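Please read the briefing below alongside the sequence and the coordinates.

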Amino acid sequence: MDLSAFTIQLFSGLSRAMVLFLLSAGLSLIFGVMNILNFAHATLWLAGGYVTYSMFDFMSGRFGASPWLLLPAILGATAVMTAAGFALERFLIRRTYDRELPEQLLLTFALVLIIGDLIKLVWGVENRRISLGIEPIEMLDTFVNPYHFVIIATGVAVAAGLWFFLHRTRFGKIVRAAVYSRSMVSALGIPIPAIYAGVFALGVGLAAFAGGVFLPLLPMSLGVDHDIIVQCFAVVVIGGFGSMLGTFVAAVIVGVVYSFSILFWPDGALAMVFLIVILVLIWRPWGLFGTELRS
Amino acid sequence: MNADDNRGRSRLYAKYGLSGPAAVVLLFFFLLVPLLPGEFWTIVSTEILILGLFAMSFNLLYGYMGQISFGHAAFFGLGAYATAMVFTRFKTVGGEISTPDFLLSLLAGPPAAALGALIVGFFCVRLTGIYFAMLSLAFGELLFYIVFSWYSFTKGDDGIQGLLPPLFFQDAVHYYYLTLAIVIAALLVMWRITESPFGYIMRTLRDNQRRAAFLGINVRLHMLMNFVIAGAFAGLAGALWGPFSRSVSPGLLGWQESGIAVFMALIGGAGTFVGPLLGSVIYTLLQAVVTMFTTYWPLTIGTVILLIVLFVPGGVLGLIEQRIKSRRGQAANAGHEAASGTGKR
């Protein structure tokens, strides 16, 4: 492998890792706090991407095209989807808290189908992408799209923000406490339903944000969510349910392994990812950074 | 079975639970389906039976053993590919296959799937709950990508085409009855297994693994045996699928296909023996009808599943069973009339 191929794969792998991290962080938080495995997480990510596209498209028509319009478009889509996530929790997910795990899975499974088809209904079957028209810059023997740096910086910033939120703010500390013992948190007089709604909305918001940030690099197309969600499960399993650091490290592992495997086994790159998942589950079922207690 | 049907539905219910009457009603319909005009319903019913067998094999893991597998389609797909490969080997240059060779190729499915299940199960049975689900999903996806990318062996994304059964079985009705016979035989074997001491060990493992271990049951070994059995039946369903749809493709091993088995089991009622088959009737029929009118099938089935989860927990058969029990009240012996009345519907 020469340096240029290495550089390209490294950057696309790290970018992919950041998106996987943004998605898996929400997935992991939702599972940790609410004990719900949200199959629809990547579908909400996809919806976030489409909404960002529409907002960007609308504003470009209104104010003239500019790459900077992506920023308000992403923020707008994140706000919309956060509200949608809140509503979803209020009206649907909440009804299944006292049910068995498979029934909750079935509900989020149903949401994958419903939301996926609603996207098709609204945006049609053609792919949607945003072209920012940024010149690639020359470095390490090759040309790199500078947008990769934006994605990587954003990912790291959100990771730091999440860490600060979970460890230094009151709400964040309550969320972490709820991962360990919901009944104890409830006994301390903290309204658990509000925590649930907040965590779910936060997770969906992060997913939608990731969808928007990723838009200039990869077009949104129907059905990608099915591939992405199993990769997110891979990340969460490798890192360990409920561990933020684990999720970050695992996202980097999955993203980089995927993008280097694609060089020598294009169709089977994901097979490598699942091989890692299998090895981790056999060796440490609770993940690299998880704790055995929660198994 | 029909004589039994006439003399006393209540006895049928007493002996087999709701599965008894439900099985009789389903059998009755399945036998008569080819009388309907046109091939369409016969073809749909063939699909119902094959996917129903697949869903019931999944339910050996979920309903009886209490573990949810998200990789069960891998064994469905392995069975389908094994049959397809043997089928292709037997085929003459002109693309024809003799009936004995065809039947022989069907036999290749279950052992291949069982072998795959033995390897995958060896690791999966060490875990339970969400970890079991995740490991089975990971193995399923691994197998999917292997089949998808190993072009020289599996034809990759193209799948294996041209699985045209012998002339006699190209007739939809003939293939249907072949499927019906095989599925009935499989279900009878499955029923024997679930009602055997082994079947009750499965229920024990579902309800309390620790207690089972204290009773001296080798938990992992029994889980592995059940995993292999479920895999073999899924492989049989897969074997029937290839010649039915005339082709196999990697998608048969994917997690979405596994999801279909989960849907069917939970829609029909995972707590009952024939529940998943009823789930297949509902799912497949609905798909056949809905896709006639709209391409938004996922939206439709998604909404149906949503409503079932919210309002019919335990699935359709589970709901009926619950109704019967509540109508019977506390008196255990008094409710035979009510049971037979509801079972008829």
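Two residues are in contact if their C-beta atoms, placed from the backbone, lie within 7 Å. Under that criterion, 75% of the contacts in chain B between residues at least 6 apart in sequence join residues at least 24 apart. This is a predicted model, in which local features need pLDDT of at least 70 and side-chain atom pairs count only at pLDDT 80 or more, while totals for chains, interfaces and linings use all residues. Residues are numbered from 1 along each chain as its sequence is written, and chains are lettered from A and ligands numbered from 1 in the order in which they are written.

**Chain B overall**

- The secondary structure of chain B comes to 18 helices and 0 strands, where helices (H or I, at least four residues) and strands (E, at least two) are DSSP runs numbered from the N terminus.
- Chain B has a radius of gyration of 20 Å, which agrees with the value near 20 Å for a compact globule of 345 residues; the radius is taken over C-alpha atoms, and the globule rule is 2.2 Å times the number of residues to the power 0.38.
- Along the principal axes, the C-alpha atoms of chain B fill a box of roughly 65 × 55 × 40 Å.
- Of the 345 residues of chain B, 50% count as buried, a class that requires 20 or more other C-beta atoms within 10 Å of the residue's own, with exposed meaning 12 or fewer, partly exposed meaning in between, and C-beta atoms placed from the backbone.

**Chain A overall**

- Chain A has 11 helices and 2 strands, and along the sequence these follow the pattern α-α-α-α-β-β-α-α-α-α-α-α-α.
- For chain A the radius of gyration is 19 Å, in agreement with the value near 19 Å for a compact globule of 295 residues, and its C-alpha atoms fill a box of roughly 60 × 50 × 35 Å along the principal axes.
- Of the 295 residues of chain A, 49% count as buried, and residues 24 or more positions apart account for 77% of the contacts in chain A with a separation of 6 or more.

**Where the chains meet**

- In total, 33 residues of chain A are in contact with 33 residues of chain B.
- On the side of chain A that touches chain B, α4 (101-123), α9 (224-239) and α11 (269-283) of chain A each supply at least two residues, and α4(A) gives the most, with 12 residues.
- By class, that side of chain A has 23 nonpolar, 5 polar and 5 charged residues, where Ala, Val, Leu, Ile, Met, Phe, Trp, Tyr, Cys and Pro count as nonpolar, Asp, Glu, Lys and Arg as charged, and the others, Gly among them, as polar.

**Helix packing**

- Helix α1 (residues 3-34) of chain A and helix α5 (residues 147-168) of chain A pack at an angle of about 35 degrees with their axes 9 Å apart; axes are lines fitted to C-alpha atoms, for helices over the stretch in contact, and angles run from 0 to 180 degrees between N-to-C directions.
- The crossing of α1(A) and α5(A) is left-handed, meaning that the near helix is turned anticlockwise from the far one by less than a right angle, whereas clockwise gives a right-handed crossing.
- Residues of α1(A) including A:Phe11, A:Leu14 and A:Met18 meet residues of α5(A) including A:Ile151, A:Gly155 and A:Val158, and by class this contact has 11 nonpolar, 4 polar and no charged residues.
- In chain B, the axes of helix α6 (residues 99-124) and helix α7 (residues 129-149) come within 10 Å and cross at roughly 145 degrees, in a right-handed crossing.
- B:Val120, B:Phe123 and B:Cys124 in α6(B) meet B:Phe132, B:Leu135, B:Ser136 and B:Phe139 in α7(B), a contact with 6 nonpolar, 1 polar and no charged residues.

- Not counting residues up to four places away in sequence, A:Leu23 touches A:His41, A:Ala42, A:Trp45, A:Ala207, A:Ala210, A:Ile228 and A:Cys232.
- B:Met65, found in the loop between α4 (40-64) and α5 (73-90) of chain B, is buried because 26 other C-beta atoms lie within 10 Å.
- A:Val257 lies in helix α10 (residues 244-264) of chain A and counts as partly exposed because it has 19 C-beta neighbours inside 10 Å.
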